[in-house]
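Dear colleague,

Please find below the structure for your files.

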Amino acid sequence: MALAHSFKNEVSIVLAGEAGQGIQTIETILTQILKRAGFHVFGTKEYMSRVRGGSNSTEIRVAASPVPAFIDRIDLCVPLDPKALAHLEHRLTEQTLIVGEAQALQSSREILDIPLTKLATTIGDPIFANTIAAGFLAGLFNVESGPVLEAITKIFAKKGEEILGKNRQAALEGIRLAQEACTAHSIHLEIKKCPSVAGQVIIQGYEAIALGAAAGGCRFLASYPMSPSTGVLTFLAQHAAQLGIVVEQAEDEIAAINMGLGSWYAGGRAMVTTSGGGFALMAEGLSLAGAIESPMVIHLAQRPGPATGLPTRTEQGDLELALYAGHGEFPRIILAPGTLQDAFLCASRAFFLADKYQVPVFILTDQCLMDSYYNVKEFPEVPKEAPSFVAKTNLDYARYRLTEGGISPRGIPGFGEGIVCVDSDEHDEGGYITEDANVRAAMVDKRLKKQKILPEDSMAPEFYGTGGYQKLVLGWGSNFHAIREALCRKGEKDTAFLYFKQVYPLPEKILEYLRKAKEVICVENNATGQFARLIRRETGFEVHRKILKYNGLPFSVEELAQKI
Amino acid sequence: MGKTVFDLEKCDIAWCPGCGNYGILNLVKEVVSELALDPQKLVFVSGIGQAAKLPQYLKCHYYNGLHGRALSPAVAIKMTNPELTVIVTSGDGDMYGEGGNHFLHTIRRNPNITNLVHNNMVYGLTKGQASPTSEKGFKTPVQVDGVILEPFNPLAVAIALDASFVARVFIGFREHAKEIIKKAILHKGYALVDIFQPCVTFNKINTYQWFRENTYLLDDSHDPRDRTRAFQKAIENKKMPLGIFFVNEKAVFEEQLAAYKQDRTPVCQRAFQPEPIEAIIKKLKE
């Protein structure tokens, strides 16, 4: 009875196959059904930089409580082609139940055979195999037909009555097959449903950033497509009319950031979305933001470099790029959300901070965060307003008026009586070119003064643990959930976790946290420990141990549990 | 010219005596005054170079950004607040060299902005190297044996891209230049005016005299709606024509943006509305 399996509380499903083979269709249908049925779901994917062929996979975790992190373990493996099994070989164990078309898979492993193509052809077209597969997987969870048909209707309604009808038939066929298989092979899945999940938001990383930007009052987005940041561009383009956001695909990233700065100048609230290579082209524009003291919001979704690197994989290798990019000296802020709630909140806050301090603000994410989704119990409220710091000008208005804190009121053309002059050359208070050494020094001081007051609005790191810890784990950005779950699994009371959603500037208080621990461990998805280096730069504190990963994949919970 | 609202009380001009930029500055000032443009609704955008300093010498809103990048913020300013009149004024190196890609794609967009390019066929601020429009054989401290590259032909490129308004003037023919710049500003859509202008310090070949002898005015027989003919005129290089080469009135970029389909209010003037965001989030619950 090798096919007999029993899963409790949590199941990890991995769908794998070639690009374009239908992983995404199965995933969409399945997660829709499972969430409706009241299961917590989390999904993340790893895929190759190609449109057809290769081997891609999607992991979907289905559980009685939230488990939004990547794990190595595969409970249910659904290979769509023979290569997929080889691709996942190292993650398959005796406990993995493999489901698929045995004949097509040609494997020596035992496979729970479901004749997808044959049944789909009976319904009318091999294309329905994906819906049968989704129905089958949902059936293993003992989902009733109600949520299944609702989900199918939502997804296929716009394709017409006939296609919708056949997909319903296919899904129900899948459920029937699952019920038969469970009885015949003694397969039991016991996962408690949580009815409130059905009404929760299920959101993906790029959507959280895009909606957060809108909630921050974003009115302008210019960008050049680049994985893994493109989702934000696509999402806002599709909602441009509804949200009242000007969206433009720029000819290159240089144009994109210069457009963004032009929009801020005219009174827009602008963002660019890009990845490391694209941002490298924006470095001069970033420096311009520093010089003209323009607000700017930069969503930098990291992927492994150098150069083109691994276009569809994940890494946290551009922290120092964000930190040091741009010639000359000027202040900046770097946010690094690790949860989808924080992705929304950081994106929204980036506009507030950029506008208030007239500085560039980064939202540093990565492929892991962009391509992950899960249901969120309490999604943040959309604020009732997005405060604007634009000042009405009077006749003697001067854009760079020297003030105590370094922030000069920011006017825009056409709002008031003054004129608004900005210049990338060193300038005087009025914005006119100057080479006066005293004015130059005063302007440098003015710009750098802002850096000093930025910590007033810093987002503090979040502490997880109890006071008497021996070990302190540091993490930033998308490693949040994997670290959390790894520590929960270990259950060691003497280990605490400090999660940074803002990595620059760092609040001074962190030194207190660091000094209390016997061992401070920094977890980063890069090869050299960039955040550990930043901590040393800012506090003088050298972390004791670094756990680094740079093969293009995110940390898994198991690997962190073992290494911490 | 009498006093205008665009006069600065004092300004320290960085151009050489006799520079063609003075002529352009005065002309621009006259044109925007005669058109009675509201200074509050007028923005000058420039890049870097001697020509790009022009807005510094006017009392006006200006955005003097990066070398080669004048068009990107200019288009964005227009997208963000279509009520503003946007005039880009920069040099041949800035527009056709460093900013070449933006030049191409801005024409494709057709925003309602005016693009004045001071074309003196040489780099002034960096002291005398070849520009994209330098003629073959032009000797400089860098191109020591003379330029061997084909000169960039902005008019032919613009017409090839079906630009909405394409003209060339010579600052020595003042009244002619003035009328055309006026028309360019009034034209609805992207308007390119390539302005021949001598550099008295670094270009001893293309002088006032040279431009007088090597150009001629297009007469009434030229139909600016005829694109093929306009292209033929643009590639004439024995004597170079001056005038309006090509006009093609067509839909303006910013008016076609999704954000302006239902609501014409400039996005910079719109109040924050949580409801549309909440509606999208609500759909994510279904």
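Across which strands of chain B does helix α8 of chain B lie? Helix α8 (residues 227-234) of chain B lies across β5 and β8 of chain B, and runs at about 155° to β8(B). Helices (H or I, at least four residues) and strands (E, at least two) are DSSP runs, numbered from the N terminus. Angles run from 0 to 180 degrees between N-to-C directions, with axes as lines fitted to C-alpha atoms, for helices over the stretch in contact; residues are in contact if their C-beta atoms, placed from the backbone, lie within 7 Å.

The model is predicted: local features need pLDDT of at least 70, side-chain atom pairs count only at pLDDT 80 or more, and totals for chains, interfaces and linings use all residues. Residues are numbered from 1 along each chain as its sequence is written, while chains are lettered from A and ligands numbered from 1 in the order in which they are written.

Nine strands form an open sheet with mixed pairing, in the order β17(A)-β2(B)-β1(B)-β3(B)-β4(B)-β6(B)-β5(B)-β8(B)-β7(B). Two strands pair if DSSP finds at least two bridges between them. At the edges stand β17 (421-423) of chain A and β7 (215-217) of chain B; each has a single partner strand, so one side of each is left without a neighbour in the sheet. On average, neighbouring strands of this sheet are turned by 20° against each other, direction ignored.

β17(A) pairs with strand β2 (residues 61-64) of chain B in the parallel sense over three bridges, and A:D423 stands opposite B:N64 there. Within chain B, strands β4 (residues 114-119) and β6 (residues 191-196) are also parallel, pairing over six bridges, with B:T114 opposite B:A191. Helix α6 (residues 174-186) of chain B lies across β3, β4, β5, β6, β7 and β8 of chain B, at about 155° to β5(B).

The contact between the chains

Chain A contributes 56 residues to the contact and chain B contributes 45. Elements giving two or more residues on the side of chain A include α8 (205-215), α11 (253-266) and β17 of chain A. The largest share, nine residues, comes from α11(A).

Chain A as a whole

Chain A has 21 helices and 23 strands. Its C-alpha atoms fill a box of roughly 85 × 60 × 40 Å, taken along the principal axes.

With kind regards

Key. Contact = placed C-beta atoms within 7 Å.
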